[in-house]
Structures are given as structure tokens and as C-alpha cells.
Amino acid sequence: MFDKVKKNGTEQLGKTNRIVEGTSIVGDIVSKADFRLDGELIGNFTSQGKLVIGAMGVVKGEIICNNADIEGEFHGKIKVLEILNIKSTAKIHGEVLVGKLSIEPGADFTATCTMLAHSNQVIMLEDGKTAE
């Protein structure tokens, strides 16, 4: 009588994956939900949601996501299609492509930065690859 109709992406609302401090991952992470990283990632990260790199978090690799807050360290290439918030404790080294950028005073921002003219959301395909 009452069939549940899944709306694209709504099943992931309010869900956040978390890698805690002291955890180190070598490899790639693909997620449809939001993600908080307080540990270390050496590899690539792709998400349709928001990535938060906590104050103790370290990422070395490539990131593609819709939104991001960075409080910790990032080395590599990051593409944020909407808003990238860089907190005062952050250390960013590499290449940044972003829709909108916010940098708090005190942040270490040593990167090339390209503002995207138009930003489409990251679309996750069934095989884990992205289409932008």
C-alpha cells in the first residue's frame, strides 16, 4: 500500500563516515555520504558529500568532493566543486581547484589556486568512478 520511493541521495543524508585519530589508510576511499577524517590517508578520496579533515588529520593524494572543511594537513591536488573552508590550523600544499574559497587568518596555504567557472556536483557511478 505504501511503497517507499528512494530519492537520489536522500538515503545518505545525516550519515557521516569517520576515520579516527591513530588510524592510517593507504589506498583510495569512495563515499556517497559525508566523511570526517581525523587519521591519515595516503591515497585518493572521492565523495558526493562533504569532507572534513580534522585538526589531527593528514591527507596525501587527490581529493574530489562537493564541499570540504580542512583543519589539518593536505598535500596534493584537491577539487572542491562548491565551498572549501580552510581553518586557521590548516596546512595546504599543492594544487587547489574550487568553486568558492574561504581561508581563515593563520592558515598555511602554499598552493596554486584555480577558481572554477561552473561547478557541477560529483556524480558517483555504480563502479565507484566519477562523472563530473
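A salt bridge here is a side-chain nitrogen of Lys or Arg within 4 Å of a carboxyl oxygen of Asp or Glu. By that rule, the structure holds 4 salt bridges. The views below come from a predicted model, in which local features need pLDDT of at least 70 and side-chain atom pairs count only at pLDDT 80 or more, while totals for chains, interfaces and linings use all residues. Residues are numbered from 1 along each chain as its sequence is written, and side-chain values use heavy atoms, with hydrogens and water left out.

**View A. Asp-38 meets Arg-18 in a salt bridge.** The closest N and O atoms of this pair are 3.0 Å apart. Asp-38 sits in the loop between strand 4 (34–37) and strand 5 (40–42), and Arg-18 belongs to strand 1 (residues 16–19), so the pair links distant parts of the chain, 20 residues apart. Strands are DSSP runs of E, at least two residues long, numbered from the N terminus. How accessible is Asp-38, buried or exposed? Its relative accessible area is 8%, which makes Asp-38 buried (under 20%; exposed is over 50% and partly exposed lies in between, with a 1.4 Å probe and protein chains only). Arg-18, at 54% relative accessibility, counts as exposed.

**View B. Asp-38 also forms a salt bridge with Arg-36.** Here too the closest N and O atoms are 3.0 Å apart. Arg-36 is partly exposed, with a relative accessible area of 25%.

**View C. Lys-50 and Asp-69 form a salt bridge between two strands.** Their closest N and O atoms are 3.1 Å apart. Lys-50 lies in strand 7 (residues 50–53) and Asp-69 in strand 9 (residues 67–70), so this pair ties together parts that are 19 residues apart in sequence. Asp-69 counts as buried at 12% relative accessibility, whereas Lys-50, at 30%, counts as partly exposed.

**View D. Phe-35 and Phe-45 form an aromatic pair.** Rings of Phe, Tyr and Trp (its six-membered ring) pair if their centres lie within 6.5 Å; planes under 30 degrees apart count as stacked, over 60 as edge-to-face and the rest as tilted. The count by this rule is 1 aromatic pair. Phe-35 and Phe-45 are edge-to-face, 5.1 Å centre to centre with 65 degrees between the planes. Phe-35 lies in strand 4 and Phe-45 in strand 6 (residues 45–47), so the pair ties together parts 10 residues apart in sequence. Both Phe-35 and Phe-45 are buried.

Methods:
Helices (H or I, at least four residues) and strands (E, at least two) are DSSP runs, numbered from the N terminus.
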